[in-house]
Amino acid sequence: MIKAWTDGAEAGLLDRRGERGSTFVYMPGSVPERSVSVTMPVRTASWNTAYGLAPIFEMNLPEGALRERLRLRFAKPSGTFDELDVLAVVGRSQVGRIRYTGQAEQLHESVPFQSVDEILAQRRGGELYRYLLDEFAQHSGISGVQPKVLIRDTEHSNALKAAKVRLSQSFQGATHIVKFWEPDEFPQLAANEYFCLQAAENCDLNVPRYRLAEDGMALVVDRFDLRPDGTYCGFEDFCVLNAKRSADKYMGSYETAIIRRFEEYGRSNLIHEEQEHLFMLIALNCALRNGDAHLKNFGIIYDDVNGDAHLAPVYDLITTTVYLEQDQMALTLNGSKRWPSSQQLSALGEKRLHLPPSRVLHLLQRVDEAVDFTRKQMGRYISDHAEFADIGNLMLQHWQRVAS
Ligand SMILES: Nc1ncnc2c1ncn2[C@@H]1O[C@H](COP(=O)(O)OP(=O)(O)OP(=O)(O)O)[C@@H](O)[C@H]1O
Ligand SMILES: [Mg+2]
């Protein structure tokens with residue numbers, strides 16, 4: 001059995017149920033603020049799941065290389081290592097505001113220090129990647145298929161101390177995400193993502209700080225759920241909002257599973273602006289030919305689980321067609337995963353987001369201008385980094401205009 005915590009306070013108990021399911025029950029007397037998700041309010045009845053964990057508990061389970069590393073190191077002698085076993089290992093360090101411990105344990109989140117500057121400057125390539133994975137895998141409650149770890153930056157902590165910022169007592173958690181790539185599978189993935197994020201920033205979308213290592217081997221992204229006092233905001237991805245398991249992240253449409261769902265769960269006095277941002281983000285994914293804009297790559301962020309909820313900052317943008325030329329969209333638009341025409345994107349903005357045609361055109365033009373500007377930034381990088389030329393030039397070929 002595992003204890004779930006929200007905002008550093010006990011919320012409830014999570015356990016296996018039946019052959020393959022699980023059950024979660026809130027602590028008696030829990031107040032509404034303890035809710036683990038906007039989709040799972042505090043109640044006396046338990047929340048049961050027939051297969052696996054409820055989506056909110058599954059949200060940050062490591063996938064791919066990180067999951068495999070954890071399995072090799074922490075699987076029981078019998079070889080079993082189910083989802084609750086993974087949570088028992090990485091539960092103390094998670095994206096968002098939920099943490100997990102043993103039933104009788106207290107919560108101490110303490111991630112070792114690691115200098116981000118060292119990661120950015122060192123040319124240790126594969127060696128650094130193996131070291132970070134060894135050291136930080138057990139502190140990395142973060143999903144995603146690409147190899148990555150959560151780290152706690154030494155300079156970040158020193159800067160806060162120097163500025164005499166009042167820190168929460170529990171401030172010992174991770175501050176940054178370090179993403180790597182498998183050279184044989186996805187060459188230059190970090191630089192690819194770096195320039196796609198640059199395009200999003202050029203659209204004036206909200207993007208956390210992201211930095212590319214000098215040797216292009218790693219991308220370091222600031223956690224957008226970390227508050228200045230060292231506590232964490234609530235974050236939920238669109239798999240959770242659609243009550244879907246991570247395995248079903250490619251199921252659904254942009255119209256319903258993203259836009260309609262954000263209409264339901266997004267709440268703030270800036271909601272119209274955020275809906276426009278969401279529209280630009282969907283259009284940008286098409287312009288960049290990102291076939292991986294699935295349900296886990298959109299999210300909401302909030303301070304109070306029963307209060308306002310905003311569109312999460314942009315993350316995980318890649319031109320995927322440079323690795324898989326025939327790649328299509330991750331979710332459907334108009335019932336198809338084929339890349340949409342300008343007219344189809346315009347119709348999406350007008351019909352589903354209820355924007356006037358002139359506004360839709362303006363937003364799509366802004367995406368095109370941002371991508372054009374990014375082309376120039378990337379061109380300069382290509383001329384200084386021959387190793388990126390093949391992928392970089394392909395990206396330039398694949399990027400498309402979205403305004404008609
Ligand atoms: N800057 C950030 N701050 C906080 N959480 C983040 C940030 N960036 C990403 N995340 C969380 O980490 C998860 C994994 O990150 P990301 O999507 O970048 O990895 P990935 O391996 O490329 O994913 P995929 O499997 O979609 O290819 C995201 O789904 C999101 O929950
Ligand atoms: Mg992702």
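**Exercise 1. Work out what share of the contacts with a separation of 6 or more joins residues 24 or more positions apart.**

Step 1: Two residues are in contact if their C-beta atoms, placed from the backbone, lie within 7 Å.
Step 2: read off the share. In the protein chain, 70% of contacts with a separation of 6 or more link residues 24 or more positions apart.

The model is predicted: local features need pLDDT of at least 70, side-chain atom pairs count only at pLDDT 80 or more, and totals for chains, interfaces and linings use all residues. Residues are numbered from 1 along each chain as its sequence is written, while chains are lettered from A and ligands numbered from 1 in the order in which they are written.

**Exercise 2. Describe how domain 2 meets domain 3.**

Step 1: An automatic or database assignment gives domain 1 (2-102), domain 2 (113-222) and domain 3 (237-398).
Step 2: count. In domain 2, 22 residues are in contact with 29 residues of domain 3.
Step 3: find the main contributor. Helix α7 (residues 189-202) supplies the largest share of the domain 2 side, 11 residues. Helices are DSSP runs (H or I, at least four residues), numbered from the N terminus.

Technical notes
Helix = DSSP H or I, 4+ residues; strand = E, 2+ residues; numbered from the N terminus.
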